[in-house]
Amino acid sequence: MTITVSSGLEDDGLSVSSGNPLVVLSGGYVEFTDILSGGSATLSLGAEADNTTVLQGGVLQGPGDVAGDTEVFGSANGLTVSSVIRMLSLPAGGHPDTVNLQNDGLLQIQSGGRVTNTEVAAGAEEIIFSGGSASGDIVLGYGVLWLNGGSAVNERVLSAGTLNLGGDLKSSLTIDAAPESTESLFGVQVQSGAFVNLANATVESGATLTLSDGVEVIGLTVSKGATVSGSGDLFDSTLDAGAVSGLALEGDLEVSSGGTATSVTDFGGEIQIDAGGSATGTTVSFGSLFDHGSATDTMVDSTGLAFVYAGGVTSGDTVLSGAVELVSSGGLARSIHVKSGGLDYVRASGTTSASVVSVGGKELVSSGGVASAPKVLSGGAEDVLTGGVASNANVSGSGKLIVSEGGTVIGLSLASGGTLIDNGEVKAIAGATLAGTLSGSGELIGGGSGDLLLSGAGAAFTGDAILEHGTIELATSGALGAGYVQFVSPATGSAVLQIDAADTPAGGGTFANLLSNFSGANEFVDLTGLVWEPNASATVVGDTLVLIDGAQTYTFDLAGSIAGAYPVLEDDNEDVLIDPRGIGPKAVAHFAQAAAAFAPSDAAKTALVSSASPAGQSPFLHAIGSAGAGR
């Protein structure tokens, strides 16, 4: 006998057994119904059943609505789960079919339960627990499908829908943007614009997860030997010695020891590379990269930030407009290219090596930081702050090197067109050429094995050149500006100030740069623009050295230690050489030659102390022949 509940009628506490089917017509309502084995209940469209239990062997048939706490141990087909339902539980053995989950509907499939062809609407959720299964389900926009350890076959997640994957992915899985694509594990289809949540999910060794364009994934752990690749978006995930490649990142990504990230684009998240982890070809755009491991060929763009910490090594990075790379204590950045609007900031105990700074870019070396062999191209700038150090710098084109007070540059090449603003200390260690523009009030130190050649425009320089060893050559007019030259007696070899023709004062004029402590052995002033004349002499008047060569007089301002006499010698090229001691290496040979030839016939070849020296002037001595200072 059929039990019928018509429109406007209600019934409760029914037990539906074999041979007594229940039919609830549109507008009818039943609650607390038990459908026994062999029994069946049909809910017509517009009918509603609340708090129903379907025992094993029983059948609940739609298309009516179910609400409340409905449990199905048997079968349920064609149902609509309305907005008022809170849970539809399907314990072991449950087999619902064609369930429509409406707003706020919740379908739970427990171990042994199975559903097919479920439609999950906006605001509804379907959860498949371990041991449960589903097939043919469709998740509409803003609906949610949870794979919480269960399995699903031929599922479809449409745009704006969400797929939550929990548990372990032990086989390969492709999540594709194209709705017609079905691949590998579970055969899940994900349409472009859908959201995939892999919270607490792990891609295990040997498995590959492929995410196509338009797919978003969150909360993934990638084990050693596992791979996640594609062009989808990744959020808040961990590479536990696993690998990812080609993905877009909008959340956080941790690359732990043994993990590798390749060609990942960061659009606002944070990438942390732990010691032993590595990343290659990363693009940081609006996001941040924290490197404690190894990063190669990173591109830092827009307002992106890259931090290289202790133990971190990065190489081949490109820093673009609005981006900053910070090299902190113990970090090392190699071959960084800083382009227009980009900044490479070297902090205390951080190091960069062979960085390239091009037009509009800047490398800033703060106290304790070291920039080794930076190359500053046209339009680029290297700024060495107080306590910072740059070594073997190369400035070309219209590049600029700025050395603040307390900053140090050791080794420098400044090409024509380049600029050196020296308010600190610049030291030549193996020869250097400064052919660009020199300004500032700092120190230039010539103390290396080669020459320090100043061949640019130095009119704005007001500092000093310290001559400890080797040669400082002034090749252009005003090469050293208004600065002075301070001699320091060399421990070995010689210290030579070479004044070329362009910087030699005109007859009757005064040399532009003051000479300080020009009084020791093996210290020389070599005037290559003056031809030595046999009557050449130099005398001291107060703190001025007066040189007479032929018919011309030249003066040099002195300070500090002043010698008692300044013999004038002839250098290798027959130019004027001033030697405070007259005992330079080749001068000794001169005196030997002069002594051997000291005879009336050769008297013209040696000029001794002149009794005709003007009053108030010191006597002078000269010798002919090769009397250079090791030029």
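Q: What is the relative accessible area of Tyr-309?
A: This is a predicted model, in which local features need pLDDT of at least 70 and side-chain atom pairs count only at pLDDT 80 or more, while totals for chains, interfaces and linings use all residues. Residues are numbered from 1 along each chain as its sequence is written, and side-chain values use heavy atoms, with hydrogens and water left out. Tyr-309 is partly exposed (buried means under 20% relative accessible area, exposed over 50%, partly exposed in between, with a 1.4 Å probe and protein chains only), and its value is 25%.

Q: Which residue forms a stacked aromatic pair with Tyr-309?
A: Aromatic pairs (Phe, Tyr or Trp rings, the six-membered one for Trp, with centres within 6.5 Å; stacked under 30 degrees between planes, edge-to-face over 60, otherwise tilted) come to 6 here. The ring centres of this one lie 5.9 Å apart with 5° between the planes. The partner is buried, at 12% relative accessible area, and is Phe-307.

Q: Which residue joins Phe-307 and Tyr-309 in one aromatic cluster?
A: Phe-307 and Tyr-309 already form a stacked pair. The cluster that holds them also includes Phe-290.
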